[in-house]
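Hi,

Here is the structure I promised to pass on to you. Have a look at it first, and my notes follow below.

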Amino acid sequence: MPEHFDIVIIGAGFSGLYAVHKLGQKHNVVCFEAGDGVGGTWYWNRYPGARVDIKSVEYSYGFDENLQQEWKWPEYFSAQPDLERYANHVADRFDLRKDIRLSNPVKSLYFDKDTNRWHIKTAKGDHVICQHIVAATGALSAPNMPNWPGREDFKGEIFHTTQWPEEQPDLSDKRVGIIGTGSTGIQAAPILAEQSKNLTVFQRTPAFSMPSGNKPTDEAHERDWKDNYPQRRKELLETYGVSLIDYPTKSAHDYTPEEQVEVLEEGWTSKSAFQMMVAFTDVMTDPAANEVVCEFVRNKIRATVDNPKTAELLCPKTYPIGAKRLCIDNGYYEMYNRDNVTLVDVKSAPITGFTETGLKTTDSEYDIDVLVMATGFDAVTGALSRIDITGVDGMKLSEKWQDGPTTAFGFMVAGFPNFFMIHGPLSPAAFAQMITAGEWQVDFVSGIIDELKEDGYSRIDTTEEAEQNWAAEVNGAAQHTVHHLADSWYNGKNIEGKKGGFVIYVGGFPRYCELSTAAVQNNYEGFIRT
Ligand code: N01
């Protein structure tokens, strides 16, 4: 017999946990989670060096003043174990576990339009009927595993960074290879280099990375935040990326070349991955201003890496800085001065497959005992497209989105009533600090669900016209930026054959809140309540 709930929440990551807390206060909720623990991103990503690149005082919950006063972050930028510990603490402290079913991924969702109810089936065979779905499935949760031939012949071990063993493997006598030089690869590589016999880094596209400047939390930093938390949380939501970095007032062209370098030197040690993108007002909109920042970072790489050929290979030259996600590192470029590290360019000679003893490229073979796949994610739409979702009149979400996702304000899809996404496609997602932005979105959806009931309705849907209007806003915001000049998970071009354009709203979180709130307040403009 199916069980009945008001709301099913998918995913017990940071947004899902907060959704369980918030919605569970008024409704009968259940949360299904694929992992055997809570924390989402910070449960799965336990590779060596996994660490957040936003200050933890910001990248944490603000919904409970006692929690933020009592919790102590040991470092400025928390490592994965501390973030996972925090997620577990929150689950216990707010008694959330009773509503969470672990190791139980959702397999299918089906909307019955006669009863206005969703039917959910899970891997463990649960069948639940509910009125609303809140999908907190994560923008970066579906791993990308390139499908090279010969994998079954390879005698070594392969770990995707999201599937790293809980007990760290002993790599001391191992030849380790790592594929991928995005945020993950750049964090993992320096530690793997220290732990292994030797490390081969397979690089397709070099990334721009800046030093994290991580350090133990000092009393003054903690006190400053704890004394001002309510005000700071409010200020966070008023900034473009929900992060209190220094936003510029001047264009790159307002400075002499010497002054530009001074400004950039300050940004380089600012301890925020985003600071270089906002060093000047026009970094993300004017290619000439952007190039000033690119060359500054390239010169940092050249000054750090001893071997000039390696340094040049590490210098990104084919896309603007910030067009792909900026990385933050702890000794990444310095690592290339070690004797046991080799950089291999797989852009000019791509990987073609596995051998029994390692990998082959179009011009060579490499012996490897342990291969680390830091190859990223089928981002933003990947997690939902791996669930069989059927809306009204048998419409499949995967079919509707086959040429790219369509949403209204990133949180609803026409034809899928009472289905709400947190950090969904075409929302600011990773362009905003995701814990605080996620809390805002959960509160927003919670308000919509409450009003639906108060106003005597049982179903809310959006329209294709609202989706088109939102697409115009999303594309309008993106077209003024340099983002389209790079292939990345922002536009799905990191996955072979994936269609669709830019899947993130880059108009800034305040504008996102303003527009979505205005639609709701304007008698649910773009939505149909019945
Ligand atoms: O994934 P990525 P990620 N052959 O897609 C390469 C967040 N994050 O896991 O650039 C060879 O950035 C691919 O090459 P290319 C953050 O938002 C945050 O590193 O596509 N190479 C690229 O180098 C981040 O942006 C933190 O040419 C292949 C790499 O694999 C997001 O997660 C830490 C390949 C993938 O890079 C994703 O980061 C970690 C192939 N067939 C992650 N396929 C922090 O908070 C892929 N690659 C610090």
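Strands E8 (residues 175–179) and E9 (residues 198–203) run parallel and are joined by five bridges. Here two strands pair if DSSP finds at least two bridges between them, and helices (H or I, at least four residues) and strands (E, at least two) are DSSP runs, numbered from the N terminus.

Before you go further, please note that this is a predicted model: local features need pLDDT of at least 70, side-chain atom pairs count only at pLDDT 80 or more, and totals for chains, interfaces and linings use all residues. Residues are numbered from 1 along each chain as its sequence is written.

E9 also pairs with strand E12 (residues 341–345), in the parallel sense and over five bridges. There, leucine 199 stands opposite valine 341.

Now to the ligand. It is surrounded by 26 residues, and the closest are Gly180, Gly182, Thr184, Arg325 and Gly376 (a residue is near a molecule if its C-beta atom, placed from the backbone, lies within 6 Å of it). Which helix gives the most to this shell? Helix H5 (residues 183–195) does, with four residues. The shell divides into 11 nonpolar, 11 polar and four charged residues (Ala, Val, Leu, Ile, Met, Phe, Trp, Tyr, Cys and Pro count as nonpolar, Asp, Glu, Lys and Arg as charged, and the others, Gly among them, as polar). Because domain 1 (3–142 + 378–529) and domain 2 (145–207 + 325–376) both give residues to the shell, the ligand lies between them; the domain bounds come from an automatic or database domain assignment.

Elsewhere, strand E4 (residues 106–112) has two pairings to look at. With strand E5 (residues 117–122) E4 runs antiparallel, joined by six bridges, and tyrosine 110 stands opposite histidine 119. Four residues lie between the strands of this hairpin, where asparagine 116 takes a positive phi near 55 degrees. With strand E17 (residues 388–390) E4 pairs in the parallel sense over three bridges, and leucine 109 has isoleucine 389 as its bridge partner.

Happy browsing!
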